Amino acid sequence: GVVAARRQNKWQDKASTVFVLVGISLPTFVSGILIYLIALRFNLINPIEAGRWVSPFANPIGWLKNFILPWITLALAFAATYTRFTRSNVIETSSEDYIRTARAKGLSEKVILRKHTLRAALAPIVTIAGLDFAGLLGGAIITEQIFNLPGLGRLSLRAVLIYFDLPVIVSPTILAATFLLVMNLLV
């Protein structure tokens, strides 16, 4: 977002716009399936081993290989949103009077960007990040299903659709609400 704002109407800005449009437009399940198919096409994952739980302490590389594609899937939409907001906030902040004053004082563009522009531009983005944790939890349930990962999402879906187990249904709901509340308080 910062690069796109600093290089308005150049190829970096246009590439950022394409990334934002694709990232925001694709639902989580579509982007997850596309990432999974691309990984299968280029032999990045073994479909037989996909979804097997590997302890991060016993085999950190295997654990990382198991979770890198779900992480990319979940991060795609959020990264696109933050790119868009960062770009617009940096452009807006760059036209403020105190930024012009900093330039008139002879400060370098790097110092102006780091100490003045980003400090003001990132405040709304941090607020949005706290609110996005609810969407992250919802996207994790779908992503677990796509990548066949055992987790809270699978447990919740089975409790609702198969077993009708009320305590198991309530537990992830309370956990998600607590997580969201703590993140909002931190923000």
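The crossing of helix 3 and helix 4 is right-handed, a crossing being left-handed if the near helix is turned anticlockwise from the far one by less than a right angle, and right-handed if clockwise. The model is predicted: local features need pLDDT of at least 70, side-chain atom pairs count only at pLDDT 80 or more, and totals for chains, interfaces and linings use all residues. Residues are numbered from 1 along each chain as its sequence is written, and side-chain values use heavy atoms, with hydrogens and water left out.

Two packed helices are described by the angle between their axes and the distance between the axes. Helix 3 (residues 28-41) packs with helix 4 at an angle of about 140°, and the axes are 9 Å apart. Axes are lines fitted to C-alpha atoms, for helices over the stretch in contact, and angles run from 0 to 180 degrees between N-to-C directions. Helices (H or I, at least four residues) are DSSP runs, numbered from the N terminus. On the helix 3 side the contact (heavy atoms within 4.5 Å) is made by Thr28, Ser31, Gly32, Ile35 and Ala39, and on the helix 4 side by Leu69, Ile72, Thr73, Leu74 and Leu76. The residues of this contact of helix 3 with helix 4 comprise 6 nonpolar, 4 polar and no charged. In this classification Ala, Val, Leu, Ile, Met, Phe, Trp, Tyr, Cys and Pro count as nonpolar, Asp, Glu, Lys and Arg as charged, and the others, Gly among them, as polar.

The loop between helix 3 and helix 4 contains Asn43. Most residues other than glycine have a negative phi. Phi of Asn43, a residue other than glycine, is positive, near 55°. Asn43 counts as exposed because its relative accessibility is 64%; buried means under 20% relative accessible area, exposed over 50%, and partly exposed in between (1.4 Å probe, protein chains only).

Helix 4 (residues 60-94) also gives the most to the lining of the second largest pocket, with 5 residues. A pocket is an open set of points on a 1 Å grid over the protein atoms alone, where a 1.4 Å probe fits, with protein on both sides within 12 Å along at least five of seven lines; lining residues have an atom within 4 Å of a point. The second largest pocket holds about 290 Å³ of space, a volume being the space filled by probe spheres set on the points, which are joined across faces, edges and corners. Its lining consists of 17 residues, of which Asn46, Glu49, Ala50, Lys65 and Asn66 are the closest to its centre. By class, 9 residues of the lining of the second largest pocket are nonpolar, 5 polar and 3 charged.

Asn89 is another residue of helix 4. With a relative accessibility of 13%, Asn89 counts as buried. Residues up to four places away in sequence not being counted, Asn89 touches Ala121, Pro124 and Ile125. Thr117 is placed in helix 6 (residues 109-121). Thr117 counts as buried because its relative accessibility is 1%. With residues up to four places away in sequence again left out, Thr117 touches Val90, Thr93, Ser94, Ile99 and Ile112. Thr117 and Glu92 are 25 residues apart in sequence, and their C-alpha atoms are 9.3 Å apart in space.

The largest pocket has a volume of about 350 Å³. Its lining is made up of 17 residues, and Leu137, Ile141, Leu152, Pro172 and Ala176 lie nearest its centre. Helix 8 (133-146), helix 9 (152-163) and helix 10 (166-186) are the elements that give two or more residues to this lining. Helix 10 gives the most, with 7 residues. The lining of the largest pocket divides into 12 nonpolar, 4 polar and 1 charged.

In helix 9, the residues Gly153, Arg154, Ser156 and Ala159 are buried. The buried residues of helix 9 pack against helix 8 and helix 10. Phe164, which follows helix 9, is placed in the loop between helix 9 and helix 10. Phi of Phe164 is near 50°, a positive value in a residue other than glycine. Phe164 is exposed, with a relative accessible area of 65%.

Gln12 belongs to helix 2 (residues 11-25). Gln12 is buried, as its relative accessible area is 19%. Gln12 and Gly1 are 11 residues apart along the chain, and their C-alpha atoms are separated by 9.5 Å.
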